[in-house]
Structures are given as C-alpha cells and as structure tokens.
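Please have a look at the sequence and the structure before I go on.

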Amino acid sequence: MLKKYSVEYSVRLRRHSLPEHHYYVTDDPVACEEFVQDLLENGMGIHAIKHEGADLPRPDFDRVVKLAASALASKRICAPLNIKPEEEHYRFGFAA
C-alpha cells in the first residue's frame, strides 16, 4: 500500500558529487512536517515532498517548509530565553 506522504532528501556531505537520495514515508502529516523540520535543522537537502505519489504543488511544498522553519525558529528562541511558545509567538511571531 502506498503511504500518503513521502519526502525525498539527501545528506549533502560532499560538495562535488551527486547526493544519494533517500526517502521517508508516513501516513501522518504531522510526522511529515516534523521530519522536514529535522532536515532543515541538520542542513540536509529536500528534493521533493509527495502526497499519495504526486509532487505537492509549489504553494503546498512552500507551506510545509515554512511551517517547519517557523517551528524550528520557535524552538531556537524558546530554549535560550527560557520562555513558553505562547510568549514567543506574542513577542516574535513564529510559533503556531
């Protein structure tokens, strides 16, 4: 059975060779967004995000990346300032 979401990514360790592509698959949209957040946090390449085998349209792809980046920024602000996500959202506007 085809999983609902798949993310095609690469590790990007070598600059001068083609990256080896890997795949992450899940049925959970939240798990997919969290995985994209982990990829962003670790500087990995994101090549495609698919839903039921089809590439996400550009606006949906961008929305997933933007949500992941906002959550990552929120975590990076909350920890050092020792504040809750609600306060971070009020002061800086990243957390949802």
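I will take the aromatic pairs to begin with and then turn to the cysteines.

Please keep in mind that this is a predicted model, where local features need pLDDT of at least 70, side-chain atom pairs count only at pLDDT 80 or more, and totals for chains, interfaces and linings use all residues. Residues are numbered from 1 along each chain as its sequence is written, and side-chain values use heavy atoms, with hydrogens and water left out.

A search of the whole structure gives two aromatic pairs, where rings of Phe, Tyr and Trp (its six-membered ring) pair if their centres lie within 6.5 Å, and planes under 30 degrees apart count as stacked, over 60 as edge-to-face and the rest as tilted. Y9 and F35 make an edge-to-face pair, with 5.1 Å from centre to centre and 70° between the planes. Because Y9 lies in strand 1 (residues 5–10) and F35 in helix 1 (residues 29–41), this pair ties together parts that are 26 residues apart in sequence; helices (H or I, at least four residues) and strands (E, at least two) are DSSP runs, numbered from the N terminus.

Y24 and F35 form a stacked pair, at 4.0 Å centre to centre and 10° between the planes, and this pair links Y24 in strand 2 (residues 21–26) with F35 in helix 1, 11 residues apart.

As for the cysteines, the search of the whole structure finds zero disulfides, a disulfide being a pair of cysteine sulfur atoms within 2.5 Å.
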